[in-house]
Amino acid sequence: MKHFEYITLTGELPFPQMEIADVQGFIKLAQLLESPCIFVMADGEKEKSSAPSFFLFLDDRTLYKCNAAGYKTLEEYTEAIKNNFPDAVSYYDARKNGFTYFKEYDECRRAGTQDKSAYAKAMRLGYIDNFEKFIQRTQKEKEKIPPGIDPVNLTTALALYDFASANGFKDFGDFEIAFFRGFSNQPEAEDARKKGFITAQEYQGALRMGITSPKEYHEAKHHNIANKKEYDKFIFLKRNTHGRFSFDEAHLVNALKMYENGKKLSINKLRALLQAQQEEYMVQMENGEQSLPPWYSQKLKTDDDFQMLLRNNHELRDHGTYDEEGEYYEVKRILDNKIFIDGANVAYGGMNRDEHAKPKLANILAISLEL
């Protein structure tokens, strides 16, 4: 297109006027009539405006004019039309921010920014193309949104990009997966992934309980266990049940395995021993009372229950004997076994006999006292 020379008018020209409806027609006519210059005229109320109200040229004493629509030159008006700008305001704003085409300018503006570089980065990382899909998911899957996050605040793709970037996510793919698993920041999502947790709900629940693995967390939740300390007690007793005994049976057996050697315990003493062991397992119930936790299985209620355990548990037989007539259990470890000690070795005390060492009776007396 031919570039025109522009002359600013300060007053009306005393010629008949003809207004051309569209700028393309106005330019074509000016070129056909070989108009040497284009007059620009502002409204009387907008004389100081940087953009004219009309473009005009004079030919054969007829003044042809076209509404400038806010554009400063015909060349810029034509460029705006070519690049699909709907008006002069958006065209000049786009030029100021480095945009050439209305499409990228409009997408950037709707994305929430006029920073072309920020828009380009958000586009490259997937936030622009996936923004509408993200909004639809937040509406359909509200229960998965991280606590404290209101999607209303993520109204544009750039707002979403800023939020995700500020919380450590490298691209939209990573962000979307973590977000709809309940995570609002990348470090937490990554730590959960390494530990094997899928959702933020189970990961954060495990942290509150002091538990670090999904297996422990789900087992604890299944048994209504409150924290890691209680879970460790549960596991200790569970292992001692060997899949055959109740927790109170395992509890009593373990206590007897550690009990003072040579002691005799009646059924009542065994019951008291078990109750003493159970004290540290008590938890506070909703009504405020102390009770054994729901997961703590119990079989030892009657004297017959205790007697059956003492007769049948092979571990107790290894650590003592049950006198059915006297109805007591005697802790009896290795006392019935015979131990042979080489007196000569004790007398010499590990000294080399070939070096004329002398045996000492005191060594034998000492070992006897120790035994």
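**View 1. Lysine 65 over the ring of phenylalanine 54.** The charged end of lysine 65 sits over the ring of phenylalanine 54, 4.4 Å from the ring centre, where a charge counts as over a ring if NZ of Lys or CZ of Arg is within 6 Å of the ring centre and within 35 degrees of the ring normal. The model is predicted, with local features needing pLDDT of at least 70 and side-chain atom pairs counting only at pLDDT 80 or more, whereas totals for chains, interfaces and linings use all residues. Residues are numbered from 1 along each chain as its sequence is written, and side-chain values use heavy atoms, with hydrogens and water left out.

**View 2. The aromatic pair of phenylalanine 197 and tyrosine 217.** The structure holds 34 aromatic pairs, a pair being rings of Phe, Tyr and Trp (its six-membered ring) with centres within 6.5 Å, and planes under 30 degrees apart counting as stacked, over 60 as edge-to-face and the rest as tilted. The rings of phenylalanine 197 and tyrosine 217 have centres 6.5 Å apart and planes at 70°, so this pair is edge-to-face. Both phenylalanine 197 and tyrosine 217 are buried (under 20% relative accessible area, with exposed over 50% and partly exposed in between, for a 1.4 Å probe and protein chains only).

**View 3. Tyrosine 281 with tryptophan 295 and lysine 233.** Tyrosine 281 and tryptophan 295 form an edge-to-face pair, 6.4 Å centre to centre with 65° between the planes. Tyrosine 281 is buried at a relative accessible area of 6%, and tryptophan 295 is likewise buried, at 7%. Lysine 233 lies over the face of tyrosine 281, at 5.3 Å from the ring centre.
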